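The following exercises are to be worked with the sequence and the coordinates at hand. Each task is followed by a solution in steps.

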Amino acid sequence: MTDLHTHATEIHEQFDDQIDVSVEEIEERLDTLVNEYKVPAEEARRSVISSYLDDAGMDREDLGGGGGDGNEQKKAAEVDSPEEWIDMTVKVVDLWEPRSDAVAQVGLLGDETGTIKFTKWSKSELDELEEGKAYDLRNVVTDEYEGRFSVKLNRTTTITEIDEDIEVGDDNLTVEGALVDIQSGSGLIKRCPEDDCTRVLQNGRCNEHGEVEGEFDLRIKGVLDDGEDVTEVIFDKDATEALTGIALEEAKEMAMDALDTSVVADEMREKTLGLYYRVTGPTYGRYLLADETETLTGPVDTEQALIKARSI
Ligand SMILES: [Zn+2]
């Protein structure tokens with residue numbers, strides 16, 4: 001009996017506020033399965049969990065790391081691996097227009113260490129977040145795409161508005177150095193056109209959506225070397241056009257003439273490798289996203305080369 005009570009308590013904790021059911025009711029269901037139908041306790045537990053998942057319209061993965069108790073409290077800048085269940089105290093810095101019906105809200109959360117993107121799913125039916133307000137978020141899960149970290153609010157997430165003004169830190173980083181490499185996946189690329197995907201296609205295929213009609217884009221994944229450290233920098237279309245003087249239309253023509261997209265990256269290497277740049281932007285994982293790029297005339301003082309503008 002005690003055993004079933006323990007199972008019932010644990011199941012109850014896992015579902016937290018998601019379903020309105022008491023420990024006693026759960027224990028009763030377990031008891032029926034075990035004592036009337038002679039189902040082994042572990043199997044009964046799985047079966048009861050499944051039926052509650054169905055009731056709540058949840059997936060098993062929504063249960064996450066044990067239902068929200070004992071998650072690590074993390075700052076925006078501390079998020080450095082995917083699929084971690086964490087708690088955060090943040091301010092809603094910016095809300096963007098969702099590009100898909102599956103997304104209820106998308107935007108930026110911030111705290112004193114910086115900002116991080118968040119996505120809130122429509123099916124999770126959570127409270128609306130308001131721009132400028134601060135919240136305690138429990139049981140959010142981290143995600144990573146191309147070195148950029150984000151958090152997802154899911155059905156098990158609890159949102160508590162708090163009366164606190166959070167000063168949001170500037171997480172921009174400035175790096176000066178020579179552009180020593182332009183990595184593969186740079187130049188004229190094609191992205192998946194599916195809603196909210198934008199993955200870079202490999203041989204016309206998206207990892208998620210298979211063969212698709214891609215949309216052309218420009219990007220450089222470059223490496224800046226300041227003499228001591230190297231920093232991987234991503235230049236988006238605008239930054240790439242500014243850096244190389246090659247516009248998207250021109251890049252498409254070059255590729256068409258050569259019947260080969262790789263000529264674009266080659267031309268970009270020719271124009272930029274070995275030159276010195278000062279690049280400022282937010283960091284996502286190991287990447288610096290170029291927001292502002294300045295061409296420098298020559299080698300920079302290595303003492304001054306790496307300026308961390310993170311506010312503590
Ligand atoms: Zn896709």
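In this predicted model, aspartate 80 has a relative accessibility of 52% and therefore counts as exposed, the cut-off being over 50%.

**Exercise 1.** Locate arginine 191 and aspartate 217 in the secondary structure and characterise their pairing.

*Solution.* 
1. The closest N and O atoms of aspartate 217 and arginine 191 are 2.6 Å apart, and the two residues form a salt bridge.
2. Arginine 191 belongs to strand β9 and aspartate 217 to strand β12 (residues 215-225), so the pair ties together parts that are 26 residues apart in sequence.
3. Both residues are buried: the relative accessible area is 16% for aspartate 217 and 17% for arginine 191.

**Exercise 2.** Explain how the salt bridge between glutamate 241 and lysine 237 relates to helix α4.

*Solution.* 
1. The closest N and O atoms of this pair are 3.8 Å apart.
2. Glutamate 241 and lysine 237 are about one helical turn apart, because they are 4 residues apart in helix α4 (residues 237-244).
3. Lysine 237 is partly exposed, with a relative accessibility of 29%.
4. A search of the whole structure gives 19 salt bridges.

**Exercise 3.** Identify the protein donors of the zinc ion and assign the geometry of their arrangement.

*Solution.* 
1. The donors are Cys192 (SG), Cys197 (SG), Cys206 (SG) and His209 (ND1), at 2.1 to 2.3 Å from the zinc ion.
2. The 4 donor atoms subtend angles of 106 to 115°, so the arrangement is tetrahedral.
3. The sequence spacing of the donor residues is C-x4-C-x8-C-x2-H.
4. Cysteine 192 is in the loop between β9 (187-191) and β10 (205-206), whereas cysteine 206 is in strand β10; the pair therefore ties together parts that are 14 residues apart in sequence.
5. Cysteine 192 and cysteine 206 are both buried.

**Exercise 4.** Describe the surroundings of lysine 120.

*Solution.* 
1. Lysine 120 is part of strand β4 (residues 114-121).
2. Its relative accessibility is 1%, so lysine 120 counts as buried.
3. A polar atom of its side chain lies 2.8 Å from the backbone oxygen of aspartate 127.
4. Beyond neighbours within four places in sequence, the contacts of lysine 120 include Val103, Gln105, Leu129 and Leu153.

Conventions. Residues numbered from 1 in each chain as written. Predicted model: local features only at pLDDT ≥ 70, side-chain atom pairs only at ≥ 80, totals over all residues. Heavy atoms only, no water. Helix = DSSP H or I, 4+ residues; strand = E, 2+ residues; numbered from the N terminus. Buried < 20%, exposed > 50% of the residue type's maximum accessible area, 1.4 Å probe, protein only. Polar contact = N/O pair within 3.5 Å; in protein donor to acceptor, adjacent residues only side chain to side chain. Contact = heavy atoms within 4.5 Å. Donors = N, O, S within 2.8 Å, 3.2 Å for Na, K, Ca; no water. Tetrahedral: all angles 85-135°; square planar, octahedral: opposite > 155°, others 65-115°. Salt bridge = Lys/Arg side-chain N within 4 Å of Asp/Glu carboxyl O.
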